[in-house]
Amino acid sequence: MPILDWIGKDKVINHHLDVPYHMLDCKYSFDENGIHKNDYGSENMIIHGDNLLALKSLLPQFENGIDCIYIDPPYNTGEENWVYNDSVNDPRIKKWLGEVVGKEGEDLSRHDKWLCMIYPRLKLLQRLLSDDGLIFISIDDNEVANLKLVCNEIFSPNNFIAMFIWEKRTNRENRKEVSSRHDYILCYCKKKAKQNLNQLSMTDKALSSYSNPDNDPRGPWKSDPATAQAGHATENQFYTLETPNGNRFDPPAGRCWLYTKERFLEEIQAGRIWLGKDGNNTPRKKTYLYEKERGLVPESLWFAKDVATNEIAKNAFKIIFNDTDNPFPTIKPHELIERVIRLSTKKDSVILDSFAGSGTTAHAVLKLNKEDGGNRKFILIEMMDYADSITAERVKRVITGYSKDEEILLYDEDITIGNIANGSELLSIAKEVAKNAKTSGEYSSVKNPKIEEGHLRVVAIKNAKDQEPGIPGNFCYYELGDTLMKDGLLNENVEIDKIREYVYYMETKQKVLKKNEVEPYLLGQHVGNAYYFYYQKNSMTTLDREFLHTVKTKAEGYVIYADLCTLSDHELERYHITFKKIPRDISKL
């Protein structure tokens, strides 16, 4: 298998193991009734913080438990102003810290930086993905080739599902040598199965092709060719077919019949072949609607008419935020993420987006849950300061509802090489359009002429008469908290319950039980063993005979954490105890 190499790869292959484990601090909860100071246990999460650290923090609860991952990382176009900030102990990589990654030709290490950024994040995402889960990654031409090789290395080329092509725009971009109308969405699974992707529901257009002109008792059907490509045919699929009316038919050049002659005549007799109303037409196979109940096989091309465009997504953002300036030049439409979720989830699945941006993924999850009564959960991670003011705020507005103002395009002129010389004249026309619209009193507001994506535009706003209804939902908002370990010791600022959860998960991959009043140091029982975490913040703990007298739980074996142990090896063996020293023997993620 071809393997990609780049500057710094040897230092980031295992960098995810060196990332410190941080606690997650819930700052507030939100539902239809507004903000609540306390964490009331919502399974939906929005996390503000570096996604490498946040992904590590999710491992105790979600390792091998995420059903669908969608990420939209920086495309590395040279225009995104993204910065490499991972703390990797390597002098070559330390030079990159805090510097904006530049354009091709200006920054000769831009692809190395991008690969060093994405690799450890994909390693953690792979650990979080469930065995039957799927990951979808949006990307464009700048890094698609590199990304595919990296994904082959991390997920295995055998687990590659598809490279979907999304029609992200429908208008021509005359400012560039080639007008790019598509992005890619790479899809991999954790483990290959007979069928990893769900099928899509039948569209109204697809359903309209089914009818029942002959009152077939098997129900509606449509006719399909009764021939196949000849490349893999057997000899008995080439023959002259004689139908009941005495008509004779041969398969077209390069084609063969679907069935042998005997089987074909049986299908005709059973009424599964359509020969036309008078029985004289070329034979066609009936495909019944009941045979398509599972839906449609997804295609590799995703058209704008089905999953929307960047432009539609930008307009939706403006509506939700009442025309707030959009900091996302390539915002994804919720229709696109809905397609991803439909293909990869069940009604109770967990969906993760670790480059959350404007919160589109949560919007899509809530919308689908409302549509089919599902209980899908979302986890969003966003490192930028707008995690609360935009990412979480969008989800709040989707939950509570928002005014749906109407945006009207009054003037739209494509700026091309041919008409750029007349720019002042075009601008005058646009200003006149804006002036007339402002004085008409027809619109709530009219924007001044503005160039967007190579188009000179004048846009007016009409305030909505109706409110977009809210979608029931909730979430908890988190910040990255303290690290579990500090200076080689357990961090005393971390709540003991959080430490207990971590230790028990590392031992059993299970969630810790609630504290037992009789045995406060008991974590739980798993596969015959009882686990104890004998820890006190302000004093040393010792596993001794006195502590053994407090152990009430009967088990085949015992794993007991403490600062010290005075029991002899003979006593440990006699009572089937494995002693683990705090903090030395606490495993690292």
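**View 1. The bridge between Trp 274 and Arg 284.** Within strand S14, Arg 284 is the bridge partner of Trp 274. The model is predicted: local features require pLDDT of at least 70 and side-chain atom pairs pLDDT 80 or more, whereas totals for chains, interfaces and linings use all residues. Residues are numbered from 1 along each chain as its sequence is written, and side-chain values use heavy atoms, with hydrogens and water left out.

**View 2. The pairing of S13 with S14.** Strand S14 covers residues 284-288 and pairs with S13 in the antiparallel sense over 2 bridges. Two strands are taken to pair if DSSP finds at least two bridges between them. Strands themselves are DSSP runs (E, at least two residues), as are helices (H or I, at least four), numbered from the N terminus.

**View 3. The open sheet S8-S14-S13.** In this order, 3 strands form an open sheet with antiparallel pairing. Strand S8 (221-225) and strand S13 (273-274) are at the edges; each has a single partner strand, so one side of each lacks a neighbour in the sheet. In general, strands of a sheet pair through backbone hydrogen bonds.

**View 4. The setting of the sheet in the protein chain.** The protein chain contains 17 helices and 32 strands. Its C-alpha trace spans about 95 × 75 × 50 Å along the principal axes. Of the 589 residues in the protein chain, 48% are buried, that is, under 20% relative accessible area (1.4 Å probe, protein chains only). Among contacts (heavy atoms within 4.5 Å) with a separation of 6 or more, 70% join residues 24 or more positions apart.

Terms used
Buried means under 20% relative accessible area, exposed over 50%, partly exposed in between (1.4 Å probe, protein chains only).
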